Amino acid sequence: MTETEQTKRERAGTERAGTGQTATRQTASEQATTVDATPTVSTDGTSDAKRGNGPDSASVDVLPTPATAFDALYARHAPDLTRQAIVLTGHARLSQEAVERSFQMAWQRWPEVAVDPDPAGRVRAMVHEYALSPWHRMRPGLRTAQRPSPQAPAPPPAAPAERALRDAVLALPIPYRRVLLLHDGLGLELSETAAEVEASTPATAGRLMGARQALAERLPWLGLADAPPARQREILRERLAGLARALPVAPPAAEAVRSGSERTVSRMTQGAFGLTALIAVATTFTLAQEAGTLPTRPEAGPPAASSSAAPGAAAKAARERHGGHARAQQAKAGGAAKRKVVRVGHLIPEAR
């Protein structure tokens, strides 16, 4: 073998070795890329894409459903609203009913309530208005409804001071009572309180001053008489908060409130359809009765045959008889007058 051919073979072997190394390096790099592209899985079996760390994490974020948002609002505010209603009314069962009805109405109008700047405040206003509605005084079972139940358990024996404060608050007029709870008990500003009770700011301030003065006269041991307004607010807020904390409440589950609201809507819809059908049936029946009593127009037919030879003969004979009698009477009256005139002419001599 010559030296030139050996040199060519060595060069060809070197090129084949270089090509193999290049292919090996490419395969390794592709494997590394494949491994990096595979989402890592943690020890609990959750991948990065499922945890929201992948490139499409924004598309897999789960938004809260309307039921979840409603349940969260109910669980957070239902117990406190029940205690507030008990402070305002003194009736545990009525307060529980007010909270349930208000949250049912909120669920019926949830698209509107959910975008409200203060959904809790909106439900609170509904609770207070329902609990303080004057028509509850006419309910015959309101006194018997004060008996304890699983939803409205009996409160523990109150201390004399708490019992006196509760009686004094319930003795206030309803507008004074509500303003006192909102401003002093819950800490709302005067303008916010006026907006919630739908009154002017001066009127709200007058109600608040009247409530504080009445409590100061009835409960002098509170120290409200000589205290400035800021101190009066602090005292009443602490006392009302303690009075509310002592009240045990057990509101039903949010799912039960939502299902009750849906049943109420279903009953109202069925009642509306039933009333519409009843009105339609009554209208149809009335129209049918009126159509049966209306006089009908007789059909046109041949004229009835007359017993006389000529049409209208009887009427003509009657007219002739009546005319002849009248003429006889006139002639008789005229003859008498003429004869009388003649006699008178004969009795009176003619003038010469």
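Colleague: Let's start with Leu180: which residues does it touch, not counting those up to four places away in sequence?

Modeller: Keep in mind that this is a predicted model. Touching here is about heavy atoms within 4.5 Å. With residues up to four places away in sequence left out, Leu180 touches Leu172, Gly185, Leu208, Ala211, Leu215, Leu236 and Leu240.

Colleague: And which members of the largest nonpolar core touch the most other members?

Modeller: That core has 24 residues. Nonpolar side chains tend to be buried together in soluble globular proteins. The members touching the most others are Leu165, Leu180, Leu215 and Leu224.

Colleague: Which helix gives the most to this core?

Modeller: The elements giving two or more residues are helix H3 (66-89), helix H7 (160-170), helix H8 (174-185), helix H10 (201-218) and helix H11 (229-245). With 5 residues, the one that gives the most is H11.

Colleague: How many residues are in the second, separate core?

Modeller: Its members include Leu81, Phe103, Ala106 and Met126. The count for this second core is 21 residues.

Colleague: Now Arg258: is it buried or exposed?

Modeller: Arg258 sits in helix H12 (residues 254-293). Buried means under 20% relative accessible area. Arg258 comes in at 15% relative accessibility, so it counts as buried.

Colleague: Which side chain does the side chain of Arg258 make a polar contact with?

Modeller: Leaving aside neighbours within four places in sequence, Arg258 is in contact with Ala67, Phe70, Asp71 and Trp107. The polar contact, at 2.9 Å between side chains, is with Asp71.

Methods
Residues numbered from 1 in each chain as written. Predicted model: local features only at pLDDT ≥ 70, side-chain atom pairs only at ≥ 80, totals over all residues. Heavy atoms only, no water. Helix = DSSP H or I, 4+ residues; strand = E, 2+ residues; numbered from the N terminus. Buried < 20%, exposed > 50% of the residue type's maximum accessible area, 1.4 Å probe, protein only. Polar contact = N/O pair within 3.5 Å; in protein donor to acceptor, adjacent residues only side chain to side chain. Core = buried A, V, L, I, M, F, W, Y, C linked by side-chain atoms within 4.5 Å.
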